[in-house]
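Please look over the sequence and the model shown here.

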Amino acid sequence: MRTATDRPRWPDYPFTSRWFEHAEARQHYLDEGCGPPVLMVHGNPAWSYVWRHLVTGLHDAYRCVAPDLLGMGLSGRPSTPLPRLLAGYQIAALDDLVRHLVDEHRAPDRGWTVVAHDWGGPIALAWACLNAEKVDRVVVLNTAVFRFPEEGLPPWWFRLLRLRAVSALAAHHTPAWAYGAARLGVTGPMPAEVRRAFTAPYRHRRDRAALARFIQDVPVTRADPGWSLLAVVERMLPALEQLPILVAWGMRDPVLRPPLADAWQRRFPHARVLRYPEAGHYVLEDARAELVPAIREFLTTTPSHSDAEVTGP
């Protein structure tokens with residue numbers, strides 16, 4: 001089902017809300033523009049609002065698809081308990097959404113660019129590896145799809161936050177994680193109305209279960225649920241080695257630190273790596289004036305390996 005809905009008007013987010021009915025819940029997504037498709041997958045505790053500047057910068061020439069992960073953003077909260085490994089659940093839901101757009105709404109079967117941030121990295125790149133014939137390019141922003149190098153481990157306070165009792169308190173029972181990320185994830189303070197938009201879907205306890213689960217799943221040790229997922233994704237990464245890859249990194253990210261950008265460069269020597277020394281975790285907030293044109297230039301100048309027709313929603 002694809003319909004508009006009444007909702008608050010958040011700054012720089014003049015887009016039409018669309019919906020897809022999964023068995024578990026209704027998923028909200030944006031589908032803006034006409035042209036080769038660009039799939040944008042957010043992380044934790046974000047939602048499609050994090051892509052607003054990129055959608056605005058691309059939708060005149062590209063079809064921008066930006067879902068809210070199930071249980072997050074404006075998407076429905078599943079009535080059944082969330083699975084222990086939430087990313088695997090989201091990968092399947094993402095595949096269902098793309099298939100729906102291809103089968104029902106004239107999205108091309110090939111020629112996709114995948115753009116991912118934070119937990120969106122393992123989700124979107126796992127999908128890209130499983131559907132490599134559909135993907136033309138990859139853009140990653142402050143994310144990891146491989147195990148942390150020793151020099152790039154998250155700080156001690158984040159590792160403490162991953163404890164179930166601590167994450168439940170900080171991210172589920174209270175809005176501390178969502179509100180803290182909106183403040184600490186940028187180096188230049190967000191305007192108050194933008195900060196309210198970032199946190200709007202997470203004001204109530206009933207809406208924050210996925211936030212805590214994603215924190216608990218961060219794979220730092222073999223005991224973490226996400227470790228097995230990243231091991232699988234790492235084994236699949238050769239499927240992307242022939243694709244153009246752009247890595248853009250906010251170097252003042254307090255959790256996903258600069259050594260991870262170096263790890264991307266080692267993993268994919270052909271990748272174009274852009275480092276933004278004054279940007280934080282939400283690199284599209286702090287460095288959007290430079291980064292949005294850089295992503296557009298990357299899409300324009302790298303070859304397409306498909307004959308995807310130009311379509312819109």
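## The core around one leucine

Leaving aside its neighbours within four places in sequence, with which residues is Leu54 in contact? The model is predicted, with local features needing pLDDT of at least 70, side-chain atom pairs counting only at pLDDT 80 or more, and totals for chains, interfaces and linings using all residues. Residues are numbered from 1 along each chain as its sequence is written, and side-chain values use heavy atoms, with hydrogens and water left out.

Leu54 is in contact (heavy atoms within 4.5 Å) with Met40, Val115, Leu284, Val292 and Ile295, once those sequence neighbours are set aside. Leu54 and Met40 are also among the residues with the most contacts inside the largest nonpolar core, which has 112 residues; such a core is a set of buried Ala, Val, Leu, Ile, Met, Phe, Trp, Tyr and Cys residues joined through side-chain atoms within 4.5 Å, where buried means under 20% relative accessible area with a 1.4 Å probe and protein chains only. Helix H2 (residues 86-104) gives the most to this core, with nine residues; helices (H or I, at least four residues) and strands (E, at least two) are DSSP runs numbered from the N terminus.

## Helix H10

In helix H10 (residues 258-267), the buried residues are Pro259, Leu260, Ala261, Ala263 and Trp264. Their cover includes helix H3 (120-130) together with strands S6 (135-141), S7 (245-250) and S8 (272-276), and Trp264 is also one of the residues with the most contacts inside the largest nonpolar core.

Key
Buried means under 20% relative accessible area, exposed over 50%, partly exposed in between (1.4 Å probe, protein chains only).
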